[in-house]
Amino acid sequence: MLVRGEVFARELEEEMRLHKDLKEQELVADGVDASEARYAANRQFGNAMNLRERGSQAWGWEWIEHFMQDVNYGVRGMLRSPGTTLVALLSLALGIGANTAIFSLTDAVMLKSLPVKDPAGLVLFGSGLDQGISDGFPNPELYSYPFYREMQKRNQVFSDVAASFSMIDHVHGFIEGRSDAEAMNIQLVSGTYFPMLGVQAEAGRMLSEEDDRKKGERAVAVVSYAWWTHSLARDPSVLNKKLTIGPTVFSIVGVAPPEFFGTKVGEAPDIWIPLAMQKEIPPGWDGYQDSMFESLHLMARLKPGVTMTEANADSNLLFQEILHGLPGVPLNQENLQELDKTRVELNSMATGFSRLRYEFSEPLKILMGVVGLVLLIACANIANLLLARSTARARELAVRQALGAGRSRLIRQLLTESLVLALAGGALGVAFAAWASHLLSRMVLDGRDALQLNVGVDMRLLLFTLGVSVATALLFGTIPAFRATTQTLANSLKEGRGQSNAPAKGRLATALVVSQVALSLVLLVVAGLFVRSLVNLTKVDTGFNRENVIRLGIDASSAGYKEDTRLADLYRRIEERINALPGVQVSSFSIFVFNEGTWNNSIWVQGYLSGHRDVTVFHNAVGSDYFAAMGIPLLAGRTFGPQDTATSPKVGVIGETMARTLFPRGSPIGQRYGHGAPEHSSDIEVIGVVKDVKYWSLDENPKAGDYLPYAQNVRYLKDFEVRYVGDTGAMISAIQQTIHEVDRTLPISDVMTLDEQVARSVTNQRLLAQLSTFFGLLAIFLSCVGIYGLMSYVVTRRTNEIGIHMALGADRGKVVRMVVSGAMLQIAVGLLIGIPVALAGGRALAHQLFGVKSYDPAVLSAAAGLLVISALVAGLVPAMRAASIDPMKALRTE
Amino acid sequence: MNREELLPGTLHLLILKTLARNQQMHGYEIARSIQQFSQDVLQVEEGSLYPALQRMLIKGWVKAEWGVTAENRRARYYRLTAAGRKQLEVEKAQFDRVIQAIARVIQTA
């Protein structure tokens, strides 16, 4: 636009020059003297400059030219004081960037609607938090396939009902034409899943009801756009490709659209396969026709006009009716009583459902609060910097006003300058946010590579950020702008540099610094509490020794093994071979180690008539050396040995809590119990008691658990643990090599140390501790910049006064004390305000804390101490400068 | 030379009429033409002429094009648009009404 303005001015000038010349020629032709003629021509034309302005105004370009001038001026001003500008930009970039990053993560985890047709009409049966396979009755969270079909057939309120398997199957399969098995995450879904969601295929077709009619009939698969991209490099012949999973060959019939990640936030499957094919997918679940195989998440779309209340009523009615009549459901007295008490709860599925959301929504809300405070502190800094700048420029502005600059024009200029600063900061912030949100989602997912979040800085976020930065500029640019232009001209001109309106400036700046100190204290206390919680958590006794253990996943089911003696043989051979490796102490297979999942069903103890419905026992199937490999101490009896074989009497080792709750009388050794049904109550003999271990999380209460030898319970054991000494890296490759010597086709995954696995379970606590510490330190830094700025300003303003003090004999120490005590006063006031706020904040966070009280005095005093020391340093620098003032020079300073 | 002030609001009318009479003219020709037709009574101030031309450009009554004069100098030539022609009628009608009104006031003794 400026270019256009210049062209316009040049053209007009040329036009007018022609006019003048022609007029001059005419006058000369009329016989007027040449110089006289030029004079006359010029005089008649009037003020050329003025004319040009009027022409330009006619086009309405004036404001653009002014704006560009202001921007130009603002940028030059920013470059004149690079230090100040850098701090201001950094404050803004970090403040805005952190907010945007946390917000985009929050958006991805909590707020974003599912990328499907009309997501608002979708409902989920239950909370979607449970996953696994249950035989508990009744279960309002997980449903069987026959139940799904009944619900679909009989309901009056849904346009359709769909189901998805509650777990993703992590398998290893072959892409046609390749010889190595590749990891694939498979989501089993009902045929109605895609039609109900209204998801259209990117290529080919999605799954339909036809694919889910008959058990094992149609081996078809739909792949995700992301999988098509990274595994097949968007091969256009994807629809002709086959996948071999287990012994079955699947045809790829379609590619899902790029935005569709599934219905579960944080879990993006690679491949969707009809539920009818579940037995063909390792580990080969067979629940398609089993009413007591409760493994599905049930979802539905409301018919138009049906309210949630109506849908709830109809679903609950049907829940009772269906379960009363479903073949294969054990309707004994106890189950009927339970069914009578059970209600289904429908939840909106507009934003999908997620365990991730359940875990992270609270931490994310806390972090949103934390970064909000950081932004406030950053804004206070900007405000202070703008204030200081406009005060320093009071004389310049006065001169310009005296020269005829309009007041509105000056205010506009100051605002434009703040706007330039804010937009530059905002742009930096966006760049920082893009990087930070990537980092953040990596922190949240913490190595769970299969699960992905769709985190992106989108248009809404960009506007949000821009809004925040522009609001900051306008808010904190307006005050100094108005103030700078309202002062009496004569006073400003008389007063000299940096002196005008000083007390008012000082008051506002002091208030800003005080609030910065208070906010910083709050952030530091929060950070301190989270760090202490994390430390306490990592000190928790897990019951096993997490040092010096490597654990890895072995997927025997994908390699074609069945759950029979050949499988047990394989495990024993691997254990023997690994145990023989130099540096290996002992190794063992198991279903779980820690934070992986649980296996539980009802428990029956010999001599008791009813089951222990109120006691949940976590089972594990393990090798003989599991307790040695994990370092779980034996408290009584013995652990498994070579005498416990497939044919010998069934035995179990139990944890101390199970011993205490289920066998309260006498020693549990030699007593009997069983799983699943009363007729099993004498199946297992207790041969040993071991120390309790943690199953899911470090902060859980002691749980009842038992262990069965895999020799007597042949099933897929995904985990393999090796206790070793020496170099971890070398050991890992030796172990992998040895396993492949036993069977080259065994897929190995999730290789890590036990310590890493434990650390992974506290991801959200670590996220909170790390980020709140980072932001707490950032807050201190920003506050120190604020204090430094204010004290520098005070020193500059009082140079004269300090000079007089020193001329009258005050020593340098006294001057330093004088300045520093000023700073300390603000800090003291800031702390006084901050402490009660921090205490209140701590109380609000209480349920996120572990082993630390919200009013922890150590945390509080450490935070206050750190703040005082840093503030002292920030105040000391200008104080030293004040002390080094030469009295004579100071007195002459005007 | 004694020249009369232009009646307020008539400059657009004069420019439009002048341009209607000729294919295209540059600024100086417009000023000269008005002066000649009025037999040197009406003198268009250059300070008014060019801003007026700019305003008329914005309103779309005229359009401008760079060309070359007989003496081979670059000049901006203005020509009337269809909208300008319509505007000329409007302004002429308005002018007539005002003049008749003034005449009635003056003649009624």
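Buried means under 20% relative accessible area, exposed means over 50%, and partly exposed covers the range in between, with a 1.4 Å probe and protein chains only. The exercises below concern a predicted model, in which local features need pLDDT of at least 70 and side-chain atom pairs count only at pLDDT 80 or more, while totals for chains, interfaces and linings use all residues. Residues are numbered from 1 along each chain as its sequence is written, chains are lettered from A in the order in which they are written, and side-chain values use heavy atoms, with hydrogens and water left out.

**Exercise 1.** Determine whether A:T342 is buried or exposed, and describe its surroundings.

*Solution.* Start with the position: A:T342 sits in the loop that runs between helix 10 (333–341) and strand 11 (346–348) of chain A, where helices (H or I, at least four residues) and strands (E, at least two) are DSSP runs numbered from the N terminus. Next, apply the cut-off: because its relative accessibility is 10%, A:T342 counts as buried. Then list the partners: leaving aside neighbours within four places in sequence, A:T342 is in contact (heavy atoms within 4.5 Å) with A:P138, A:P140, A:F319 and A:Q320. Finally, the side chain of A:T342 reaches the backbone oxygen of A:E338 at 2.7 Å.

**Exercise 2.** Decide how the spread of chain A compares with the globule rule.

*Solution.* Along the principal axes, the C-alpha atoms of chain A fill a box of roughly 130 × 80 × 60 Å. As for burial, 53% of the 894 residues of chain A count as buried.

**Exercise 3.** Characterise the interface of chain B and chain A by its area and its salt bridges.

*Solution.* Of the area that chain B buries against chain A, B:Y28, B:E46 and B:Y50 supply 31%, more than any other three residues. Turning to charges, the rule (a side-chain nitrogen of Lys or Arg within 4 Å of a carboxyl oxygen of Asp or Glu) finds five salt bridges across this interface. The side chains of B:R76 and A:E11 form a salt bridge at 3.1 Å, N to O.

Terms used:
Buried area = accessible area lost by both parts, 1.4 Å probe. Rg over C-alpha atoms; globule rule 2.2 N^0.38 Å. Polar contact = N/O pair within 3.5 Å; in protein donor to acceptor, adjacent residues only side chain to side chain.
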